Amino acid sequence: MLKLVKSTAFTVLVFMGLVTNVVLAQNYPNKTITFIAPYGIGGDSDFSGRNLAPMATKLMGQNVIVQNIPGASGTIGSQKVRTSPPDGYTLLVSRGGSQAITPALDSTTPYKWNDFTFISLLDFNPVVCVVKPDAPYKNMKDLIAAIKANPGKLNYASAGAGTTQHLAVEVILRDVGLKSAAATMIPYKGGGQATTALLGGEVDFLCNNLTTLVGQIKGNAMRALVTSTPARLKDFPNVPTAKEEGIPNLEKVMGWSGLYGPPGMPSEVVEKWQTILKEVAKNTAWLNGNDTVGAIPAIRSPADTEAFAKEQFDLYSKLGAELNLKK
């Protein structure tokens, strides 16, 4: 009899919890929503969060603010969201580095790539490979020919092993049948220092997110040789795509931002965000914000977002194994 009473009490508590969650979801939102950007101010996650927040505030009827919690390759901020209550008031501006590359390469990452509620992708940041304007390489084919003719002599800047700047070059080399040693990686402390290294003539080339380099390219401080986009960018119509240059797998290497929640978020909250984001996708201010930094709008369904995230994780997991980068 005691077991039956305990079982009944437990069932009632579970039912009450479910009812409470449904009620909370139906009243969502009724207070400030926080976007956690897991990298510093001025970075891609910061931009994506701040580009979305004003429109989300207007459409949600509650303030949406951005809080930067950088550190440990984006894992500190990501982990904070993962362990937050799944009520939709603490959300993550996810990044490819923190949600795909780091979990794929580092077994000590405190979460798996799918330990979150997928809400939507937000934007893509295509990779672009650049040289100085006075470099002898007029296009990507010239650069690849020089690497083949002088294996190990040309070098490139990166923010370290396992970063987008490094892995983009590895993908290119593999697409043209070359080994890692064909071009020498020079690691720097971050993408900013890697950019400065190219401008200062310390390295021969650099592959990085377009959002980071768009100002230098438009200002003719760098010459863009290729982008990782399937089609040419409207602001850079003279820059060929990866497929055009014979390196199609570079299309898979792209920075990106998404909107994630803690695991177990109510479906009603996810659906609310989907409704909001469909309006955001048509908003001129949000679209123009992406245009200013060369980002490509990429709002998707939760299922499509999860499928893309898995594809990214699998790509970097395989590449990490091939390059012996896993730890």
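Which residues does I247 touch, not counting residues up to four places away in sequence? I247 touches M140, I144, I172, D175, V176, V226 and A242, where contact means heavy atoms within 4.5 Å. This is a predicted model, in which local features need pLDDT of at least 70 and side-chain atom pairs count only at pLDDT 80 or more, while totals for chains, interfaces and linings use all residues. Residues are numbered from 1 along each chain as its sequence is written, and side-chain values use heavy atoms, with hydrogens and water left out.

I247 belongs to the largest nonpolar core, which has 55 residues. A nonpolar core is a set of buried Ala, Val, Leu, Ile, Met, Phe, Trp, Tyr and Cys residues joined through side-chain atoms within 4.5 Å. Buried means under 20% relative accessible area, exposed over 50%, and partly exposed in between, with a 1.4 Å probe and protein chains only. Within this core, M140, F205 and I247 touch the most other members. Among the elements that each supply at least two residues of this core are helix 5 (140–149), helix 6 (164–175), strand 8 (223–227) and helix 11 (302–322). Helices (H or I, at least four residues) and strands (E, at least two) are DSSP runs, numbered from the N terminus. A second, separate core has 26 residues, including V66, V93, I276 and W286. In soluble globular proteins, nonpolar side chains tend to be buried together.

Strand 2 runs parallel to strand 1 (residues 33–37), and 5 bridges join them; two strands pair if DSSP finds at least two bridges between them. N68 of strand 2 is the bridge partner of A37. With helix 2 (residues 44–60), the two strands make a right-handed β-α-β unit. A crossover is right-handed if, with the strands pointing away from the viewer, the path from the first strand over the helix to the second runs clockwise.

A search of the whole structure finds 1 disulfide, a disulfide being a pair of cysteine sulfur atoms within 2.5 Å. C129 is joined to C207, with an S to S distance of 2.1 Å. C129 lies in strand 4 and C207 in strand 7, so the pair ties together parts that are 78 residues apart in sequence. Both cysteines are buried, and their link is right-handed, with 105 degrees about the S-S bond.

N208 also lies in strand 7. Is N208 buried or exposed? N208 counts as buried because its relative accessibility is 4%. Leaving aside neighbours within four places in sequence, N208 is in contact with P126, V127, V128, Q165, G191, T195 and L213.

T195 is one of the buried residues of helix 7 (residues 191–199), together with A194, A197 and L198. Seen down the axis of helix 7, these fall within an arc of 155 degrees, so they line one face of the helix; the arc is that of the directions from the helix axis to the C-beta atoms. Their cover includes strand 4 (117–131), strand 5 (155–158), strand 7 (205–209) and helix 8 (210–218). Just after helix 7, G201 takes a positive phi of about 80 degrees.

L213 is in helix 8, where L210, T211, V214 and I217 are buried as well. The buried residues of helix 8 line one face of the helix, because they fall within an arc of 155 degrees seen down its axis. Helix 2, helix 7 and helix 10 (284–292) are among the elements that cover them. Helix 8 is followed by N220, whose phi is positive, near 65 degrees.
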